[in-house]
Amino acid sequence: VTPELAIGSMLDGVRREIERTALRTRNGIKYLTGGEWAPLGPTPSDTIWEEGKVHVRHYRRETPPAIAPPVLCFLGLVGRSYVFDLWKGNSIVQMLMDAGFDAYVLDWGEPDEHDSMNTLETYLGGYLRRGIDAVLAESGAEQVSVIGYCMGGDFALHALAAQPDLPVRNLVTMCSPIDFRHLGPLIDALRDGSIDTESMLDETGNVPGPLVRQSFKARKPTGDLVQYVNLWEHLWNDEYMEGYQAIGRWLEDHIPVPGALFQQVVQQWLRDNGFLTDRLRFRGRRISLSAIEIPTLAVIAERDDIVVEAATAPVVDILTGTQAELLRVDAGHASLTSGRKAVKVVWPRIFEWLTAHSKEVA
Amino acid sequence: VAVSSTSRPGNQRAPSAAKAKPKPAGPPAWRRVFNRAERAVGAPLEDFVGSRRAIDGAVSVMKVQRAMAGALRGVVDRELAGLLHFVNMPTRTDVRRLSRQLTALTGEVRMLADHIDELQRTLPPARESLLAEVRVLAVRLDELQRSLPPAREELTGEVRALAGRVDELQRSLSEPRAAELGAGSPEP
């Protein structure tokens with residue numbers, strides 16, 4: 001390397017840093033004054049059904065769907081449903097529509113004091129069934145495909161085991177734990193009763209949202225600091241800021257879990273390990289996952305440190321009534337729904353499977 | 001069970017063409033220093049908070065906090081309740097109790113709604129069986145209608161006969177009455 005080249009490269013570096021510092025200053029002011037890089041819910045949608053706090057959104061498409069049945073996405077009662085529509089260019093519903101599907105999202109709303117006695121039956125036997133009926137009425141289809149992310153996948157499995165007559169054609173579960181013995185010491189403490197479930201309920205009778213958030217955050221004590229350093233490093237980059245804001249907002253935004261449902265989940269899913277031991281219950285009767293006969297795809301994120309592979313993989317062994325498939329992807333729990341790899345690799349693979357199990361509309 | 005993967009095998013070497021490409025710029029020096037320092041502190045911290053000992057400790061602290069907060073709230077609530085009840089005002093506990101009752105009622109209404117839904121779902125087969133019965137009845141009605149004309153003629157004959165007898169009776173009833181009226185009338 002000649003001295004001229006070295007000096008030239010050093011000058012380039014200084015020039016780049018000066019430009020970035022100017023952009024950092026601009027974006028820093030925008031960030032501190034509450035500027036928006038990623039507006040909430042960028043894809044236009046219409047609420048087609050609501051009951052209480054629960055509603056179903058239908059995403060507007062310019063052309064009729066090319067593939068049937070429509071796809072209904074939902075989470076469990078932990079996070080917000082806008083994870084399916086995080087920001088422009090990283091919207092699962094938009095990708096679904098681009099792939100030819102009609103996209104719907106079921107939002108459970110934010111439970112409050114009046115929902116503290118809601119049970120699995122309330123959500124899976126009532127809201128979910130009526131939400132699916134609304135999608136069928138809106139689309140004119142006879143069935144839907146379901147994508148359940150994390151606890152949403154568990155909801156779907158529990159619901160379908162209890163009500164095999166639900167008009168669901170295909171099921172995709174994403175990072176949905178089945179074997180709750182592998183989810184770390186906090187879940188272990190709930191499993192063995194060291195943590196009394198009653199003690200986790202607040203005055204409203206629910207598990208407060210901040211407690212759910214803290215339980216996730218506590219896993220990485222330096223996480224906030226790392227996030228701030230990431231922010232400083234990439235503050236100049238508007239594209240990065242879009243994702244940073246959208247994901248950061250979603251990770252901070254947890255909803256309360258209804259107390260009665262929480263106690264059912266701890267007893268049936270955690271303590272009884274009911275998905276594996278066939279000890280799930282619904283309206284007082286025992287149910288079994290072997291009742292599920294629809295094609296199922298279980299997506300596993302290999303770098304998921306929240307729901308590890310050992311907790312998710314057994315789903316293919318217990319779904320004895322159907323041909324369950326496993327899709328391992330090189331992603332983490334959150335990066336399964338966001339980031340370049342999710343857009344370019346993960347979701348196209350899921351859509352490929354869904355398309356193969358759906359039919360083209362004439 | 002079909003298994004597929006999107007990840008690259010871990011120990012597979014990149015093709016030689018990739019080697020020729022310029023290496024992408026890594027993180028800046030200050031970031032590399034931070035990362036090292038963060039891991040030096042963060043990794044043992046994560047191990048600790050992820051241990052059962054830490055969870056048990058946190059649970060104990062939470063229990064003590066709750067007990068203390070509960071005791072304090074109990075004292076304050078008692079004092080405040082006396083004062084508020086004295087002026088006929090509800091306390092937070094009263095409102096909460098009412099709210100719980102309302103929640104229970106809402107739950108029952110939802111349960112009823114679910115039952116109605118279930119009934120509606122089970123109704124179609126019942127309606128089908130009713131329709132089948134109606135169809136059978138319709139066939140029988142057709143048969144009856146076909147067999148009706150002769151029966152109707154018979155009935156018509158009988159009705160006519162009866163009508164004749166009624167006429168006769170009317171006549172026989174009116175004649176004596178006219179005679180009675182004629183006999184009993186005063187002379188002018």
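Mentor: Helices (H or I, at least four residues) and strands (E, at least two) are DSSP runs, numbered from the N terminus. This is a predicted model in which local features need pLDDT of at least 70 and side-chain atom pairs count only at pLDDT 80 or more, while totals for chains, interfaces and linings use all residues. Residues are numbered from 1 along each chain as its sequence is written, chains are lettered from A and ligands numbered from 1 in the order in which they are written, and side-chain values use heavy atoms, with hydrogens and water left out.

Trainee: Why does Thr173(A) count as buried?

Mentor: Buried means under 20% relative accessible area, exposed over 50%, and partly exposed in between (1.4 Å probe, protein chains only). Thr173(A) counts as buried because its relative accessibility is 3%.

Trainee: With which residues is Thr173(A) in contact, leaving aside its neighbours within four places in sequence?

Mentor: Contact means heavy atoms within 4.5 Å. With those neighbours left aside, Thr173(A) is in contact with Gly148(A), Gly153(A), Leu157(A), Leu297(A), Ala298(A) and Val299(A).

Trainee: Which residues touch the most other members of the largest nonpolar core?

Mentor: A nonpolar core is a set of buried Ala, Val, Leu, Ile, Met, Phe, Trp, Tyr and Cys residues joined through side-chain atoms within 4.5 Å. The largest one here has 70 residues, and Trp108(A), Phe155(A) and Trp269(A) touch the most other members. Helix α3 (residues 120-139) of chain A supplies the largest share of this core, nine residues. A second, separate core holds 40 residues, including Val83(A) and Val172(A).

Trainee: How many cavities of 30 Å³ or more does a search of the whole structure find?

Mentor: On a 1 Å grid over the protein atoms alone, a cavity is a set of points where a 1.4 Å probe fits but cannot get out, and a pocket is an open set with protein on both sides within 12 Å along at least five of seven lines; lining residues have an atom within 4 Å of a point. Grid points are joined across faces, edges and corners, and a volume is the space filled by probe spheres set on the points. The search finds two such cavities. The largest has a volume of about 40 Å³, and α4(A) gives the largest share of its lining, three residues.

Trainee: How does the lining of the largest cavity divide by class?

Mentor: Ala, Val, Leu, Ile, Met, Phe, Trp, Tyr, Cys and Pro count as nonpolar, Asp, Glu, Lys and Arg as charged, and the others, Gly among them, as polar. That lining has nine nonpolar, no polar and no charged residues. The second largest cavity, of about 30 Å³, is lined by four nonpolar, two polar and three charged residues; Trp108(A) and Arg110(B) are among them.

Trainee: What area do chain A and chain B bury between them?

Mentor: The size of an interface is often given as the accessible area lost when the parts come together. Buried area is the accessible area (1.4 Å probe) that two parts lose on being put together, summed over both. Chain A and chain B bury about 3,800 Å², 51% of it on carbon and sulfur atoms. In chain A, His114(A), Pro185(A) and Glu203(A) lose the most area to chain B.
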